[in-house]
Amino acid sequence: MIKRNTNKLTIIAGCGRLGAELANSISEANGDVIIIDNNKDSLRRLSFSFGGIAIVKDGTDIDVLKQANIEKAHTVIAVTDDENTNIMIALMAKKLFHVKNVILRVNDNSKQALYNDTDIQILCPSELTTKAVKKMIEGGK
Amino acid sequence: MTKKLSNRYGKIMILIGALLMMPVLVVIFDKSQIKYIYSFILPGIISIILGFLIMKDFKEIEKTSIFSTNLKNSTMLVLFSWFYCFFIGSLPFWLGGQLNLIQSLFESVSGYTTTGLSVVIPSQTPIIYLAHRTFMQYCGGFGIVLMFIMVIKDRTAVNLYTAEGHSDKLLPNIQKTARLIFITYNLLIVLGTIGFYLLGMDLFDAVCHAITSLFTAGFSTRDTGMIFYNSNAINIFALILMILGSINTGVLLMLFQGKFKIVKKITEIRFMFIIIILFGTISTFTIWFSSTDGLIKSMLCGFYNIINSLSTTGSYYCCIKNLHPLVLELMIISMLFGGCAGSTSGGIKLSRIIILFKTMYNSLVMKTSSARRVLSISWNTASGKALIENETIKETISFIGFYLLILLIGSNLLAITANCSLAEGFFEFASSLSGAGISIGITGPTTNILTLIVEMIGMILGRLEIYILLIGTNYFYQHVTDKIKRHKAK
C-alpha cells in the first residue's frame, strides 16, 4: 500500500497527546508521517485534516513496522504510554532497521542500561521539567 | 484558531478555466478546428479572470479546530467545484452552436461524472468537441478536487479529499498521494494508447479510447463505438483497461510492484472476478441459446456486456435492445454493484455489497442460534485481515437504502418523462445513477428536456455518492432559514 521512496518519513508509535500533536504538526508542515497505535479510539486525537497514514496495530510487531516502511524512515519517535514498549520499539528501530534518528520518551531513567550504549535520543519529561524549573528559579533570583 | 486564507473558490475557478482550454491543443494537429476555439477560450479566460478577482478580493476565514465548520467548508467547496465544472464544461457546446443549453449541460454532466450517456452524434461533431468530451472524462475520472489538491498546497486538503469520496491514503502525505494517483493513471493511459494504436486505431481515437476505457467513462469518437473497428483484439484490450480501471488504485500499485500473492487474497478482488465469471458465463449461454451467433461470438458479447456494466464504462458494443431479458437483468445488477471502492468506477461499489451480503448471512445465522452468540464480520484487505465494525455496517446499509430509494424514484420519473416502459426506465436510470452510461435507446439527440434533467440528477447523485449532496442541501436549507429568521427579527 505504501510507496517505497518516501523521503524524510517520520514514524510515530503511540497516538497519545504528545504523539498526536507531533503527528498533526508534521502533517500540517506537509511532511510524511505514519502513526501507529493499537487502539482505534486514540486516533480521535488526530486533527480532522491529518494527512498522514494511521495504522491500528501493535507497534512492537516487526511486520507492522515493516508495513510502515521503517527501513526508509528518517525518524522514529516512540511515545506510547508504556515505558517498556517505547524502549522496545526504539531498540528495534535502531538495531534491526538502523534508523537514523530514534527518539525515545522515558519517564523513569532507571532502565538506562538498556539504551545507554546506543545513540538513541532520550526525551525525559521529568528531567526536562526539572531543568526548566531550575532555570525559572534561578532566573527569578 | 482563525486564519484568513486567500480564497480557494477563486483558485478552483482558475484551475477549471485553465483545464477547459486544454482541448484547444487539438488545433496543432488539425488547423481546420481553429474556427471553434473561441468557444473554449472565451469561457476559459472569463473563468480565470473571475477567479483572480475572487481570490484577491475575498479572503476566506478558515476555522481548523471545529469539526462541523470544517465539514461544511469542505463539502461546500467540493460541491461548488463540481457544479461549476458542469456549468463551465457545457459552455463550449452551447457557444459553438453544437447543442442547446440543456443538452450541452447534459453532455457536460455526463462527461464529468464519467457516465458516458451522450446526446452528441460523434460523426457530425468537430474533432475539437470530441477532444473536449474525452478531456472532461479525464478530469472527472481523477476528480476535480484531486487535481486541485495536487497543484495547490492546502492545509485542509484531507477534508477535501475525503469529501470528494476518495477512500485511500496511499502515501503518508496527502499531496503525494494525489500525485501518485495522477502518475499511475497517466502511465496506464500512455500504455493503453500504445496498445490501441498498435492494434490498429488511429492516434486520436487511441488516446480517446484509452482514457475513456481506463476511467470507465465510455464516450466514443465513433457513432458505433467499438463495433467500428470490428476487431476482437481491440475489444479484449478495452476489457483489460476497464478491469484495471475498476480496481482500487492501491491494489493497482501493488500489481505494479508484483505483489500478486497479496492481491489474490483480497476479498473485493476475488468477489469481482467471481461476479464477472458467473454473470459472464450465464450471459454467454443465454446469448448462445437465444440467438444464431456462434459460441465465441456470444462469449465475447456476454463477457463484454457484463464487464462493461460492472466497471460502469458503458462503451457501445452491440444493440442492447435485442439482448435477452436475462442478460439485461444481469447487466442492471452488475451496473448497480459497480467496481471496487477507491477506483474510477461508479455504482454502489463492491465493498459495500460484500458487507451487505455478509451482514445478511450473519443475521440469518443468528436467527437459528443462541441469543448469546456473537458474530463478527471480517475480510481481507490489502493490509491484511480486518474486522468490519458495526458503525461501518450501519453506514453501508443506510447508503444502499438511500441508493435503492433514489433508484426507484428516478426510474419511475424516467418512465413518465420518457414515456417508456418501467423496465426500460429502470435500466436507463440505473445506468445514469451508477455512471455506466449504457443506453437502451432512450437517451439520444432527440430526447426531451425533462428526461435529460432526471438523468442528470441521477448522474450527479451517483458520482458524488449521495451523502455529500444531502449534507450540502442541509447546509443550504439552514442558511436560508437563518436568513429568513433574521429578516423577520428585523
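This is a predicted model: local features need pLDDT of at least 70, side-chain atom pairs count only at pLDDT 80 or more; totals for chains, interfaces and linings use all residues.
Over all chains the count of disulfides comes to zero, a disulfide being taken as a pair of cysteine sulfur atoms within 2.5 Å. In general terms, such a link is a covalent bond between the sulfur atoms of two cysteines.

Residues are numbered from 1 along each chain as its sequence is written, chains are lettered from A and ligands numbered from 1 in the order in which they are written, and side-chain values use heavy atoms, with hydrogens and water left out.

The structure holds eleven salt bridges over all chains, where a salt bridge is a side-chain nitrogen of Lys or Arg within 4 Å of a carboxyl oxygen of Asp or Glu. Three of these pairs are set out below.

| Pair | N to O distance | Accessibility |
|---|---|---|
| A:Asp41 and A:Arg44 | 3.9 Å | A:Asp41 48%, partly exposed; A:Arg44 70%, exposed |
| B:Glu465 and B:Lys349 | 3.2 Å | B:Glu465 16%, buried; B:Lys349 11%, buried |
| B:Glu391 and B:Lys394 | 3.9 Å | both exposed |

The side chains of B:Glu465 and B:Lys349 meet in a salt bridge. This pair links distant parts of the chain, 116 residues apart, with B:Glu465 in the loop between helix 19 (449-463) and helix 20 (467-489) of chain B and B:Lys349 in the loop between helix 15 (325-337) and helix 16 (350-367) of chain B. Helices are DSSP runs (H or I, at least four residues), numbered from the N terminus.

B:Glu391 and B:Lys394, by contrast, lie three residues apart in helix 17 (residues 390-417) of chain B, and are therefore separated by about one helical turn. Elsewhere, salt bridges that share partners join B:Asp202, B:Asp205 and B:Arg222 into one network.

How many residues of helix 6 (residues 144-151) of chain B are buried? Seven of its eight residues are buried, so that the helix is mostly covered; among them are B:Ile144, B:Leu146, B:Phe148 and B:Met150.

The surface also carries patches, made of residues with over 30% relative accessible area and no salt bridge, in which like charges are joined within 9 Å and nonpolar side chains (Val, Leu, Ile, Met, Phe, Trp, Tyr) within 5 Å. A nonpolar patch is formed by B:Val190, B:Leu191, B:Ile194, B:Tyr197, B:Leu198, B:Leu203 and B:Val207, with about 680 Å² of accessible area together. Helix 8 (174-198) and helix 9 (203-214) of chain B are the elements that give two or more residues to this patch, and helix 8 of chain B provides the largest share, five residues. B:Val207 lies in helix 9 of chain B and is partly exposed, with a relative accessible area of 32%.

A positive surface patch, in turn, is formed by B:Lys261, B:Lys264, B:Lys265 and B:Arg270. Its largest share, three residues, comes from helix 12 (residues 260-265) of chain B. B:Lys261 is found in this helix 12 of chain B and counts as exposed, at 69% relative accessibility.

Notes:
Accessible areas come from the Shrake-Rupley method with a 1.4 Å probe; for residues, only the protein chains shown count as cover. Lys and Arg count as positive and Asp and Glu as negative; His and the chain ends are not counted. The place of a charge is taken as NZ of Lys, CZ of Arg, CG of Asp or CD of Glu. Buried means under 20% relative accessible area, exposed over 50%, partly exposed in between (1.4 Å probe, protein chains only).
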